[in-house]
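Please keep the sequence and the structure in view while reading.

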Amino acid sequence: VVYTQSEILQREVYLFERLDSPNREPMKHLKAICFLRPTKENVELLVQELRRPKYSVYFIYFSNVISKSDVKALAEADEQEVVAEVQEFYGDYIAVNPHVFSLNLLGCCRGRSWDPAQLTRTTQGLTALLLSLKKCPMIRYQLSSEPAKRLAECVKQVITKEYELFDFRRTEVPPLLLILDRSDDAITPLLNQWTYQAMVHELLGINNNRIDLSRVPGISKDLREVVLSAENDEFYANNMYLNFAEIGTNIKNLMEDFQRRKPKEQQKLESIADMKAFVENYPQFKKMSGTVSKHVTVVGELSRLVAERNLLEVSEVEQELACQSDHSSALQSVRRLLQSPRLSELDAARLVMLYALRYERHGSSGLPALLEELRGRGGTDRYRKLVSAVVEYGGKRVRGSDLFSPKDAVAITKQFLKGLKGIENVYTQHQPLLQETLDQLIKGRLKDSQYPYLGPNTLRDRPQDIIVFLIGGATYEEALAVFNLNRSNPGVRIVLGGTTIHNTRR
């Protein structure tokens, strides 16, 4: 995620090995750089390695704080004195975007409480992030969430214990760590997305910047798996937050630009299919712009899935469920779609989940009938169970915030005006709860009664450096919201993290 292999090769690193691969050959002419998480297993593997070293010299870097006893164990194993240095180099998390990080953890809680191993891992990830950004923050957490309070306390313990490491130069306004719980907004990860990065993750899945395209009909061998990284792909960096329609136009412009330079190859580019044909017909174009052919393939597959699964219509109903409060119209829309043979199992379940979260306590709830239809479609009870699990996870009983109804008159007027002006786009009306929470935080209006500080001190000024962490996973829609907040609030810097980055399947 941080470096491409070709970039590392330019630094004259020629061999990549895993410490746990069994049959590595001794190569005494090479120096070894080890970069490891300071886990029990890794220290044990390193002890074995140092007893029978395969390389001439070892430079050891741990991605987090390592205990004195582990260093001692390594020193005792290093009888041949091959270790040149041991350093802590804090990077115990995955940097996803310039302002987003993840810990790649799935299922961090059991019911309403932490899985102990995952709590430890999350604490390590968060403290490593603070150390690498050189922040010693004040901590606020979501009061309605027991896991948020536990995590806040664990992070605080590490800061207290390792106080020398956290002794950074004080800034005028201390940084702030805000710990939230995914269950407060289970709606956001269930919605279809229409900006490039979020859409790719929703429909194809992004795994450490890698996209699996092996299921694409007629895919060429070199495009079975592609990398999308804003670091070394200019087109992706410029388009990741744009709407789907704009991306198609931008790719078309790129290709027309190429045609202008090569007048012989004039060809009409009306549709995505035309673009794909064009890329296949001109090998030199392909060579010149591996990235363009990659994006044409990805966008082509996205548009195929959108058509095949009827996602424009599905998304419109999802947005209606998430953003409006006309129950009978919403119920009719969901019913109508459930009857459609083009609706995939996942999309059917997703609509019923959104309906259940939105109208679980409505007097004339149509949920039982919708669940029956789900069962009729799939012939199994699997999705019915999932619906009730989602309501149990993020339903009204659990939420600390008011996900749906604006309480005060100002908010209601705002809601009404928004409806009148007509939103730019019916498919992107929804804004994640996080946006509202951070907006309140930046303005200094986030209630202490709902998001208390850990410890006696509170922040008198408006925060400037904010790290917000979502237990149970963040989404690319929230990454977009944070990107926009950073842009529209100069002087405020927000970093978003989560135990994972979700899409509906995850």
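Glu81 is exposed, with 68% of its relative accessible area open; here buried means under 20% relative accessible area, exposed over 50%, and partly exposed in between (1.4 Å probe, protein chains only). The model is a predicted one, in which local features need pLDDT of at least 70 and side-chain atom pairs count only at pLDDT 80 or more, while totals for chains, interfaces and linings use all residues. Residues are numbered from 1 along each chain as its sequence is written, and side-chain values use heavy atoms, with hydrogens and water left out.

**Backbone angles**

Glu81 has a positive phi of about 50° although it is not a glycine. Its place is the loop between helix H3 (68–77) and strand E3 (83–88); helices (H or I, at least four residues) and strands (E, at least two) are DSSP runs, numbered from the N terminus. Asn208 also has a positive phi, near 50°, and is likewise a residue other than glycine. This residue is found in the loop between strand E10 (206–207) and strand E11 (210–212). Asn208 is partly exposed, with a relative accessible area of 31%. As background, most residues other than glycine have a negative phi.

Strand E1 (residues 31–36) runs parallel to E2 and is joined to it by six bridges; two strands pair if DSSP finds at least two bridges between them. In this pairing, Ile33 stands opposite Phe59 in E2. Between E1 and E2 the chain passes through helix H2 (residues 40–51), and this β-α-β crossover is right-handed. The term right-handed applies if, with the strands pointing away from the viewer, the path from the first strand over the helix to the second runs clockwise.

E2 also pairs with E3, in the parallel sense and over five bridges. Tyr58 has Val83 as its bridge partner in E3. A right-handed β-α-β unit is made by E2, H3 and E3.

**Nonpolar cores**

Which residues have the most contacts inside the largest nonpolar core? They are Val200, Met255, Leu302, Leu321, Leu438 and Ile494, in a core of 98 residues. A nonpolar core is a set of buried Ala, Val, Leu, Ile, Met, Phe, Trp, Tyr and Cys residues joined through side-chain atoms within 4.5 Å. Helix H14 (residues 345–359) gives the largest share of this core, 10 residues. At least three residues of the core come from each of domain 2 (94–185 + 432–502) and domain 3 (196–309), with domain bounds taken from an automatic or database domain assignment. A second, separate core has 30 residues, including Tyr90, Leu131, Leu151 and Ile179.

**Cysteines**

A search of the whole structure finds zero disulfides, a disulfide being a pair of cysteine sulfur atoms within 2.5 Å. Cys108 is in no disulfide, and the nearest cysteine sulfur, that of Cys109, is 4.1 Å away. Cys108 is buried, with a relative accessible area of 5%, whereas Cys109 counts as partly exposed at 27%.

**Salt bridges**

Side chains of opposite charge can pair when their charged atoms come close. The structure holds 27 salt bridges, each a side-chain nitrogen of Lys or Arg within 4 Å of a carboxyl oxygen of Asp or Glu. The table lists some of them.

| Salt bridge | N to O distance |
|---|---|
| Arg18 and Asp20 | 3.0 Å |
| Glu76 and Lys72 | 3.6 Å |
| Glu372 and Arg384 | 2.9 Å |

Glu372 lies in helix H15 (residues 367–378) and Arg384 in helix H16 (residues 382–394), 12 residues apart, and the pair links distant parts of the chain. Glu372 is partly exposed at 43% relative accessible area, and Arg384 is partly exposed at 25%.

Glu76 and Lys72 both lie in helix H3, four residues apart, about one turn of the helix. Lys72 is exposed, with a relative accessible area of 54%. In the remaining pair of the table, Arg18 counts as exposed at 59% relative accessibility and Asp20 as partly exposed at 41%.

Beyond these pairs, a network of salt bridges links Glu202, Arg309, Glu318, Asp347 and Arg350.
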